[in-house]
Amino acid sequence: MFKLKDVLNRSLLTPFNIIAGVIILIGLVITALRFFGGLATVTNLSDYNPWGLWIGFDLLCGVALAAGGYVTSAAVYIFGMKKYHSAVRPAILTGFLGYALVVLALSYDVGRPWRLPYPFVVQAGTTSVLFEVGACVLLYLLVLFVEFTPAASEWLGFRRARNLVVRLTMVLTILGVILSTLHQSSLGSLFLIAPSKLHPLWYSQYIPVFFFISSIVAGLSMVILEGSLTHRYFADKMDETHLREKEDVVFGFGKAASFVLAAYFAIKVFGITMDNNWHYLSTGYGAWFLVELLGFVALPCLLYSVGVRDRNIKLIKWTSALAVLGIMVNRFNVCLVAFNWHLPSSERYFPSWMEIGLSLFIVTVGVAAFKFIVTFMPILYEHPEYKTPHA
Amino acid sequence: MSISRRGFLAWMGAAGITALSARAGATPRHFEGYPQSLCVLHDITLCIGCRSCEAGCNKVNELPAPAVPFTDLTVLDKKRRTNAKAYTVVNKFTSPGGNPIFVKNQCNHCLEPACASACFVRAFSKNGDGSVTYDSSVCVGCRYCMIACPFEIPTYEYDEPFTPRIMKCTLCHPRITKGLLPGCVEACPTEALSFGTREDMLKLARERINKYPGRYVDHIYGEHEMGGTNWLYLSGVPFRTLGMREDLGITPAPDLTSGALATVPMVAALWPALLTGIYAISKRREKMLSGDKQDAIAKAVAEANAKSQAALTAALDKAKKEKEDSVKKAVKAALEQSAQKTQAQ
């Protein structure tokens, strides 16, 4: 359907390529500095602040925003919502790329990345929440890779491999939901061990539940947001089914996101009640907590429901961007803003420009990989030789 | 927490039953430290801020020479923390009466250490002698131990590109196993640091409080903090005024995450059942819907067939009748014709 030659004949100096090229070049320089000079050369990390932007953004936001894969495949294959079928492949692809990039980013952040398999092959620290996170992320990356292979197999013509994996769809989906439940929540559990460092408004015994429920919001919202972006830039790659089902996906996922956000709002309020932390709301941190809770949870919940009621696609799309931003605000708050709140401002952390540059580099690599894959592989359309009959 | 129990739990974890290895948070059991484990008692009221302990520590641990010599006491004017080149630091505070108070800071060697609980390669060990030691040969460098430590002790070699290590006090584990004193205790010119078993140090601390009630606050820091530590402190002023947190609670760090880890096997076991159930329901609904559809089609086809059959029969009947009629008519006409013919003749 799309020939490599056609692509090569086009000019490579598109605005996207130029900007992406510059970011990737800068990223490569930072990479060299990081691996030959150590973390101190490129980061503002310190003994008080061992985790910075690369954990707060690349790991915590990265994993949450890649939740679309398990949310969509569960909706379609387990809950039987076949009308969202065309959303599965793009969501799986984003999930796979997201997790691959999380692992890439971690290899910059940890001191000796070549030892990342150690917990599984040398010595297992099973009392650590991080062990669970690591094991689940690793296994889920594998599951996402397998779930992604049918698209690549169709492109490459590996018919038998493709058919084998398609038969495993149910097992893979259930495995994906289990692993996602576990590690999405465990990313929150990581902070359970530090009640003396995380502000009480964000520290809660429910933090794993908060992280898991908000990951569903992130997944649903990312599918909507990403769908509108791909429609804008890759409409020529979409087949009729995809274009026809697109609106169903926006309304269906928008409605679901509204309900889940309402539930999330309720448990967040219950979290404050449980620990009787109401008095903190009158402090500066309390004001910021209210901004998060009202501006990035209650507001998108309301806007989603209005959008669905009025069948206003544009509103739902903008709301999805707000909801995604809200998840990022939450993860930043837990990991960076409300963490170490007891320290004087001179000891607090703010990322260096090179940390920000490397995070941009990672995102750019992801966007470029997504662009390449949807251009060549049957992601936004069904391969003519493998059409499946579905309602 | 015996060693064999730990080994067993690690095996359980390796078998994939991760959360079972986290000690059930609800058990009332309280670990009071290994019997005869060693401990330092730091009597803050006796510390003169000479930094000899810092020098002794630096020497026995073969740490790099400091930028400012240990004899320079002006560094005390600024609050410091442990770092990759110093396992211990002394800080100066001022009493309500205006007198200087000096406090030594280093790893407290928790009875149930947060760092060891948080480490996903078990790089930390809580040893029988009370020390908490670190093995850089397995460390990945994730720095979760630094997040976990409530006393903000572990430090990291951020400027080391290839072999960065976590750096922290070892209670001079290599020396105390040989019967020697920790470097800092040996260097201390006053009685500010005492060394012995934890039971003895607790007894000593209580004796001092009882003997000089006006001199000390009635609190042995480290007896219960975070479940207890192998480093104890006595002070004449509340510890919170000396940068030592009194809001840490008495829950050992591993208990903070054991509940969350305990849900792992629940999710792993129950989700497949739940999800397969939901799948079965949605599949059945789909089947029923498609079944209804097929029934409706069959019914419609049957009705149409019956209708057309009836129409056909009616048409045939009609045709038959018409044929009969026309035959009758023809016969009648023929008869009439023959009758007319007969008449005419």
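The legends below describe close-up views of a predicted model.

Local features are given where pLDDT is at least 70 and side-chain atom pairs where pLDDT is 80 or more, while totals for chains, interfaces and linings use all residues. Residues are numbered from 1 along each chain as its sequence is written, with chains lettered from A and ligands numbered from 1 in the order in which they are written.

**View 1. The contact between chain A and chain B.** Chain A contributes 46 residues and chain B 55 residues; two residues are in contact if their C-beta atoms, placed from the backbone, lie within 7 Å. On the chain A side, at least two residues each come from helix 2 (15–37), helix 3 (39–42), helix 7 (118–121), helix 8 (129–156) and helix 10 (169–189). Helix 10 of chain A gives the most, seven residues. Helices (H or I, at least four residues) and strands (E, at least two) are DSSP runs numbered from the N terminus. The chain A side consists of 29 nonpolar, 13 polar and four charged residues. Here Ala, Val, Leu, Ile, Met, Phe, Trp, Tyr, Cys and Pro count as nonpolar, Asp, Glu, Lys and Arg as charged, and the others, Gly among them, as polar.

**View 2. An open three-stranded sheet in chain B.** The strand order is 8-1-9, with mixed pairing; two strands pair if DSSP finds at least two bridges between them. Strand 8 (193–197) and strand 9 of chain B are the edge strands, each pairing on one side only. The twist from one strand to the next averages 25 degrees. Helix 7 (residues 198–211) of chain B packs on this sheet and touches strand 1, strand 8 and strand 9 of chain B. Its direction makes about 130 degrees with that of strand 8 of chain B; axes are lines fitted to C-alpha atoms, for helices over the stretch in contact, and angles run from 0 to 180 degrees between N-to-C directions.

**View 3. Strand 1 of chain B and its partners.** Strand 1 (residues 38–43) of chain B runs parallel to strand 9 of chain B, joined by four bridges, and pairs antiparallel with strand 8 of chain B over five bridges. Leu41(B) has Leu232(B) as its bridge partner in strand 9 of chain B and stands opposite Ser194(B) in strand 8 of chain B.

**View 4. The two faces of strand 9 (residues 231–234) of chain B.** Trp231(B) and Tyr233(B) lie on one side, Leu232(B) and Leu234(B) on the other, and all are buried (20 or more other C-beta atoms within 10 Å of the residue's own, C-beta atoms being placed from the backbone).

How values were computed
A residue is buried if 20 or more other C-beta atoms lie within 10 Å of its own, exposed if 12 or fewer, and partly exposed in between; C-beta atoms are placed from the backbone.
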